[in-house]
Amino acid sequence: MGDKLSTVQYLGSLNEVYRVPEKGKGYGNAYQEYVIRPKDNPDLEIGRIKFQKGARQESDSEVGVIDSDLLEIVRDRLKLFQEGEFACQENTMALVHIETAIMWLNRRVEDRIKRDVSGTHKK
């Protein structure tokens, strides 16, 4: 099944997230695949996320989700909650931090584009 993540949310967590083991962890010292399982039924897989593996412009890469994709999904959900009956201060603060995280990830992309190393393994 892989290593269970130690998560920030301790109380009220409904699910557990596991890394899918891969020899050498993969590119950039990060795992490329994760599985989500309900705490009360760890044999049931309710989600699987496959991340981009390698640089997109390189022939051996595997297309996948990138970190900012997940943040954009959570951002969209929280914005919609804020438009409805579940609006709250906690969602507002989460949105601020998620949007900040997206901004910093985008700055990294912009920097890599300016240096003409986007889509490669060059630093």
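**View 1. Strand 1 and strand 2 run side by side as an antiparallel pair, joined by five bridges.** In this predicted model, strands count as paired if DSSP finds at least two bridges between them. Helices (H or I, at least four residues) and strands (E, at least two) are DSSP runs, numbered from the N terminus. Look for Asn 15, which stands opposite Pro 38 in strand 2. A word on the model: residues are numbered from 1 along each chain as its sequence is written, and side-chain values use heavy atoms, with hydrogens and water left out. Since this is a predicted model, local features need pLDDT of at least 70 and side-chain atom pairs count only at pLDDT 80 or more, while totals for chains, interfaces and linings use all residues.

**View 2. Three strands make up an open, antiparallel sheet in the order 1-2-3.** Strand 1 (15-19) and strand 3 (47-50) are the edge strands, each with a single partner, so one side of each has no neighbour in the sheet. On average, neighbouring strands are turned by 20 degrees against each other, direction ignored. That angle is taken between axes, which are lines fitted to C-alpha atoms (for helices over the stretch in contact), and angles run from 0 to 180 degrees between N-to-C directions. On the other flank of the sheet, strand 2 (residues 33-38) pairs with strand 3 in the antiparallel sense over four bridges.

**View 3. Strand 2 is mostly covered, with six of its six residues buried.** Here, buried means under 20% relative accessible area, exposed means over 50%, and partly exposed is in between (1.4 Å probe, protein chains only). Which residues cover the two sides of strand 2? Glu 33, Val 35 and Arg 37 lie on one side, and Tyr 34, Ile 36 and Pro 38 on the other, and all are buried.

**View 4. Glu 33, Glu 45 and Arg 48 are linked in a network of salt bridges.** A salt bridge is counted where a side-chain nitrogen of Lys or Arg lies within 4 Å of a carboxyl oxygen of Asp or Glu. By this rule the count comes to eight. Zoom in on Glu 45 and Arg 48, whose side chains meet at 2.7 Å, N to O. Glu 45 is partly exposed at 36% relative accessibility, and Arg 48 is also partly exposed, at 37%. In general, side chains of opposite charge can pair when their charged atoms come close.

**View 5. Arg 19 and Asp 3 form a salt bridge, with their closest N and O atoms 3.7 Å apart.** This pair links distant parts of the chain: Arg 19 belongs to strand 1 and Asp 3 to the segment before strand 1, 16 residues apart. Arg 19 is partly exposed at 29% relative accessibility, as is Asp 3 at 43%.

View 6. Arg 75 is partly exposed at 24% relative accessibility, and Glu 72 is partly exposed at 35%.

**View 7. The structure holds two aromatic pairs.** Tyr 34 and Phe 51 make an edge-to-face pair, 5.8 Å centre to centre with 85 degrees between the planes. Tyr 34 sits in strand 2 and Phe 51 in the loop between strand 3 and helix 1, so this pair links parts of the chain 17 residues apart. Both partners are buried, Tyr 34 at 17% relative accessibility and Phe 51 at 15%. The rings of Phe 81 and Phe 86 have centres 6.2 Å apart and planes at 80 degrees, so that pair is edge-to-face as well. Phe 81 is partly exposed at 32%, whereas Phe 86 is exposed at 53%. For reference, rings of Phe, Tyr and Trp (its six-membered ring) pair if their centres lie within 6.5 Å; planes under 30 degrees apart count as stacked, over 60 as edge-to-face and the rest as tilted.

**View 8. The charged end of Arg 107 sits over the ring of Trp 104.** The distance to the ring centre is 4.8 Å. A charge sits over a ring if NZ of Lys or CZ of Arg is within 6 Å of the ring centre and within 35 degrees of the ring normal.
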